[in-house]
Amino acid sequence: MVKLGYFPGCSLSSTAREYDISTRIVCEDLGIELIEVPHWVCCGATTAHITSDIAANALPAKTLIWAEKNNMPITSPCSACFSRLALAHHTMTADEDMRKDVAEVVGEEYKGGAKVLHLARVFYETYGLEALKAKVKKPLKGLKVASYYGCLMTRPAEVCDFDRTENPMFMDKTVQALGAEPVKWGYKTECCGAAFSLTKKEAVIKLTGDILNDAKECGADVIVVACPLCHANLDSRQREIEKRSGRKIGLPIIYISQMIGLALGYNALDLSFKKHFVDPVRVLKEKGIL
Amino acid sequence: MKQYLEEKNFKQGFRKDVERLSKQKISNCYQCGKCSAGCPMAFKMDYPPTMTMRLIQLGLHDEVMGSNTAWYCVSCETCTTRCPREIDIAKVMDTLKIMAQAGKYEVSDTEIPIFDWIFLKSLQYTGKVYELGLIMAYNMLSLNPFKDVFPLGLQMFLKGKIALLPHFINDPVAMWEHLEMFSKIHKKQKAKIRETNG
C-alpha cells in the first residue's frame, strides 16, 4: 500500500474537476492512499514568483512542513503546483537566507525533509509499471497516444530530479503498459503558454496550435496530459484554433488518470468525459474501448 | 538593432542588484544563444533572452526595464534547463518583474501586473484561487468585460467546469495565520527590494 499526501491544487476543484474525480477513483482502485493536506493553500501558481520571491517560497512552505512532520511524500496532479512545491523545496534547501526569511513569515522553519512527486511519476515509479500492468482489465488496443509533458513536469532537471528533460518517456511507457500505442512527436515538452491564459491570449493560441497540429500530423488519436492548465488550453481553446486556421483538429485531450481509469474498466460517466470540450467518447468507441 | 554605448547610460549597480536578488551570476553568460533558440516566446520579445543578459551585464537598465522581454517570459524554464553556464535565466526574468512591480523601475506591461495584483489579492483573502472571480475581475480591470464570456465561458459554466463560489481555508485559525503571513510577506519583500544599490 502506497500512502501519499495529496495536494490537489485550486484548478482541481473548479475547471479540472474531472481530473480530481478520476485521480481519486483510480488511486483507490490501485491501492494508493491519498491523504489530502489539511488546510492547504494555493501554491502561488504563475504569479507569486514574479511578484514576490518570498511569497513564492512561503506559500508552499506550509505544505512542505506538513509533509516533513508527517514523514510522507506529497504528490500533486498539477504540474504548476508540483513545480512550485519542488522549486520551493529546492530553493529553501540551497539558499539559507531565503529559508530564514520564510521561517520568519511562516513562523516555522522548513528543514528540507519533504519529498515532492508528480502524480504521473507516482504511477510510473512509486506504483510501478509491472503492478499497473497486472491491474489492466481492458487494454487500450489500437489507440495512438501522444504524451504531452509540457514544461514544468520535467524542468529544470535538478529541481524535478529527472535527467531526460529533452525527451522524457515515462508517460509514453505508462500508456504502453495500458496497451495503447505511444506516438513519436516533436512537441512533448513545448510550453502551452499556461501563464498567459488570461493575459496574452494570442500567444497561447499560437503555442497551443503548434502543439495540437504536430500531434495531429504525427498520427495521434488522443493527447494524454497530466496538468489542468495544459488541459484547459489544449481542450477549451481547440475550437478557436480550428476556426482561425480553417483546419479540423478534433483531438480529445485525456488526463493520465482517466487513461488509467479506462484501462481499469471505468466508463465515460465515472471518468466525467462529459466535461471535456472535445468529446473523447466517439474515438474511444471506434476503437472498441468504451 | 544598434546600441550606442555612452557612459551616462550605464549603471553598474543595476547588474549587482539583479545578481543579488536573483542569486544568479549574470557575468557568467558567454552569449551562446541557446536560451533564445529554445525560447517559445522569443518571437514576441523586444530583445531575446541572450541579448537581455548582455544588456544586464552592461548595466543598460533603461533598455532592460523598458523592454517587454521579461513580461513575455512564460516561465517554462527551457532556457534555465539548457544554459551551459548554469544560469537560472527564468529566475532572472522573474527578478526583473519583481523589481518593476516593487515600484523601483518602469512597469512596461499593462496586462500581467493587473492579473498578478488580482490573483494575489484573491489568494490573500481566500487562500485558494477563485477562478470565476479572478476572470471577472481581470476582465473588468483590463476594460474588456466580455472577453471569453461567449461562447467559451458560457460553455464552461454549462459543463460544470466553473465553481460559482470561492473555496476558503475551512478553518478559522489557519485562515487567520494565513492573513498574518501575507502581511509579513509584504513587509519583508519591500525591505528586501529597498536594500538595492541601483
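**Figure 1. The two domains of chain B in the predicted model**. The centres of domain 1 and domain 2 of chain B, taken over C-alpha atoms, are separated by 28 Å. Domain 1 of chain B covers residues 7-101, and domain 2 of chain B covers residues 112-194. Chain B contains 10 helices and zero strands, and along the sequence its pattern reads α-α-α-α-α-α-α-α-α-α. Along the principal axes, the C-alpha atoms of chain B fill a box of roughly 55 × 40 × 30 Å. Of the 198 residues of chain B, 37% count as buried. When contacts in chain B between residues at least 6 apart in sequence are considered, 64% of them join residues at least 24 apart.

**Figure 2. The contact between chain A and chain B**. On the chain A side 44 residues take part, and they are in contact with 46 residues of chain B. Four helices of chain A, namely helix 2 (45-51), helix 3 (53-70), helix 5 (96-106) and helix 9 (201-217), each supply at least two residues of the side that touches chain B. Helix 2 of chain A provides the largest share of that side, with seven residues. Sorted by class, the side of chain A that touches chain B holds 22 nonpolar, 13 polar and nine charged residues.

**Figure 3. The two domains of chain A and the contact between them**. The domain assignment of chain A gives domain 1 as residues 2-118 and domain 2 as residues 137-286. Taken over C-alpha atoms, the centres of these two domains of chain A are 24 Å apart. In domain 1 of chain A, 24 residues are in contact with 25 residues of domain 2 of chain A. Helix 1 (17-30) and helix 4 (79-94) of chain A each supply at least two residues of the domain 1 side. Helix 1 of chain A gives the most to this side, with nine residues. The side of domain 1 of chain A that touches domain 2 of chain A has 12 nonpolar, nine polar and three charged residues.

**Figure 4. Helix 3 of chain A, with its bend at A61(A)**. Helix 3 of chain A has 18 residues, which at 1.5 Å a residue should span 26 Å; the end C-alpha atoms are 26 Å apart, so the two values agree. The bend at A61(A) is about 35°. Helix 3 of chain A is mostly covered, as 14 of its 18 residues are buried. N71(A) follows helix 3 of chain A and has a positive phi, near 50°. Helix 3 of chain A is also one of the helices that supply at least two residues of the side of chain A that touches chain B.

**Figure 5. The largest nonpolar core and the surroundings of M259(A)**. In soluble globular proteins, nonpolar side chains tend to be buried together. The largest nonpolar core here has 148 residues, and the members that touch the most other members are A58(A), L85(A), I223(A), V224(A), V225(A) and M259(A). Helix 3 of chain A gives the most to this core, with nine residues. With its neighbours within four places in sequence left aside, M259(A) is in contact with V175(A), L178(A), V224(A) and I254(A). V224(A), one of these contacts of M259(A), is itself listed among the core residues that touch the most other members.

Methods. Residues numbered from 1 in each chain as written. Chains lettered and ligands numbered in written order. Predicted model: local features only at pLDDT ≥ 70, side-chain atom pairs only at ≥ 80, totals over all residues. Domains from an automatic or database assignment. Contact = placed C-beta atoms within 7 Å. Nonpolar A, V, L, I, M, F, W, Y, C, P; charged D, E, K, R; others polar. Expected span 1.5 Å × (residues − 1). Bend = angle between axes of the 7 residues up to and from the residue. Buried ≥ 20, exposed ≤ 12 C-beta atoms within 10 Å, placed from the backbone. Core = buried A, V, L, I, M, F, W, Y, C linked by C-beta atoms within 7 Å.
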